[in-house]
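Hi,

Here is the structure we talked about. Please open it alongside this note; my findings follow below.

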Amino acid sequence: MFSIHGGEQAVCINPPQGYGPSAQVATVWPTADSWGPDAEFIVLALRCAQLDELVGPVTGRGFFDASGTSGMLAVVASRYGAREAWVLSTENTGGASAHPWLSRHYRQCHTTSDLGRASDCEAAVYNFYRYPEPGCLAALGQALPAGARLVVVGALPAHLSTIHQTARSVGLEVVTSPIPWVDEMQLVTLVKGESSVAAGGSHFALPSTAQARYERWAHLAASLHVGPAWRIDGLPQPPSPHEHAIAITPSLSYGSGGNEVTQMVLQTIGGLPEATWADDPSVLDIGCGTGILAIACARRGASRITAMDICPQARAEASRNAQINEVPVRVTAEIPTDERFDVILANLYGSVWPEYLPRLSQLLQPGGIVVCGGIPSVRHAPFEAELVAAGLEIVAVHRMLGDEDVGWPCAVARMRK
């Protein structure tokens, strides 16, 4: 379990429940200068620990969480006095995994698939990066009452014009946010009609360098054990018997090992037959984040590993982690076009998969395998059909993390010879 302390409050993130609060742990989010795993989501929660600066006063108000974080921000809002907090729960959002335990453990929090529920909410958050659907954003904005504030997170520069056009179409005014976001991602604050909430506020004091985050991590993170094979450490430590130890330093990149999606893929990698690694297969990690999956393959015996990510910071962190773990990983910004691979790792958002799935047939060697993560259970059957249509055969679909079905299967598929 990770325990993160900040000021007078603390947060516990209890794997394998993932991004959101655990059903077993009463979660209270810390102050803004704390740091923890999977920071692209948690940093948002840490910043929202002072929700007034983003969405105006929370106490006594309704809050709508369409961020795809399993109800995490709804719980934050309830802890800060929200009258009620709704979590959007659809096949495209992480909120689906919040049901049914959320309302059982947090009585102000509820899941819903109806965006119309936002009509009683004076504050809302929408994650444009996780599922960039202007129609959903418009429906949410239209449902909000006059004066409500909507914070759009994860917007890339290419998304901004669409967000602005969508905002104008439903009467939302764009307000400049004072808070920076991760890498090229941006926060966009929107207000419905006339607003009494003034924009502005101070920047939060987060560790400014990788070294500062690395040093802070040493005091915050305990080792995380994933299944029988893996141990994830915040700092390098001697491996224990029968475990492959991986050191993952703090960063703004995805993949600390502290959520069920990454854990499912790690467990699958750990369970691949020894023959998979016998002839030193070439490995490609698409969307590598911290590089945790590429490093895991190196621990299994691979030495020809390419880790690709479009995010400059992710590439820097993956290179750093590969160096700390003393494994050979080539980090790139693009997928090599002149190579075929024996093993491909693809733990991707559902909205990103359509870009890469058609390319698998050109990237895999005949008989090569791809390990697929990031697709929730409710969408997995059609996803498996898409893999077959792309020329692959399903080898296995792993649905259990230990003895629990966490709702994020991991498929292994082979390219037909």
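This is a predicted model: local features need pLDDT of at least 70, side-chain atom pairs count only at pLDDT 80 or more; totals for chains, interfaces and linings use all residues.

Start with Arg 83 and Glu 122. Their side chains form a salt bridge, at 3.9 Å from N to O. The two residues are 39 apart in the chain. Arg 83 sits in the loop between α3 (72-79) and β4 (84-88). Glu 122 sits in the loop between β5 (109-112) and β6 (123-127). Arg 83 has 39% relative accessibility, so it counts as partly exposed. Glu 122 is also partly exposed, at 24% relative accessibility.

Next, Arg 300 and Glu 274. Their closest N and O atoms are 3.0 Å apart, in a salt bridge. Arg 300 belongs to helix α9, and Glu 274 to the loop between α8 (260-271) and β13 (282-286), so the pair ties together parts 26 residues apart in sequence. Are the two partners buried or exposed? Arg 300 is buried, because its relative accessibility is 10% and the cut-off for buried is under 20%. Glu 274 is exposed, with a relative accessible area of 58%.

Asp 280 lies in the loop between α8 and β13, while Arg 304 is in strand β14 (residues 304-308), 24 residues apart. Asp 280 is partly exposed at 23% relative accessibility. Arg 304 is partly exposed too, at 45%. Asp 342 comes in as well: salt bridges with shared partners join Asp 280, Arg 304 and Asp 342 into one network.

**Helix α9**

Back to the helix that carries Arg 300. Helix α9 spans residues 292-300 and is mostly covered, with 8 of its 9 residues buried. Among the buried ones are Ile 292, Leu 293, Cys 297 and Arg 300. Gly 301 follows α9 and has a positive phi, near 125°.

**Helices α5 and α6**

Helix α5 (residues 134-143) packs against helix α6 (residues 160-169). The angle is about 35°, and the axes are 9 Å apart. The crossing of α5 past α6 is right-handed. Which residues make the contact? From α5, Pro 134, Leu 137 and Ala 138; from α6, Thr 162, Ile 163 and Thr 166. Of these contact residues, 4 are nonpolar, 2 are polar and none is charged.

Best wishes

Methods
Residues are numbered from 1 along each chain as its sequence is written. Side-chain values use heavy atoms; hydrogens and water are left out. Axes are lines fitted to C-alpha atoms, for helices over the stretch in contact, and angles run from 0 to 180 degrees between N-to-C directions. Helices (H or I, at least four residues) and strands (E, at least two) are DSSP runs, numbered from the N terminus. A crossing is left-handed if the near helix is turned anticlockwise from the far one by less than a right angle, and right-handed if clockwise. Contact means heavy atoms within 4.5 Å. Ala, Val, Leu, Ile, Met, Phe, Trp, Tyr, Cys and Pro count as nonpolar, Asp, Glu, Lys and Arg as charged, and the others, Gly among them, as polar. Buried means under 20% relative accessible area, exposed over 50%, partly exposed in between (1.4 Å probe, protein chains only). A salt bridge is a side-chain nitrogen of Lys or Arg within 4 Å of a carboxyl oxygen of Asp or Glu.
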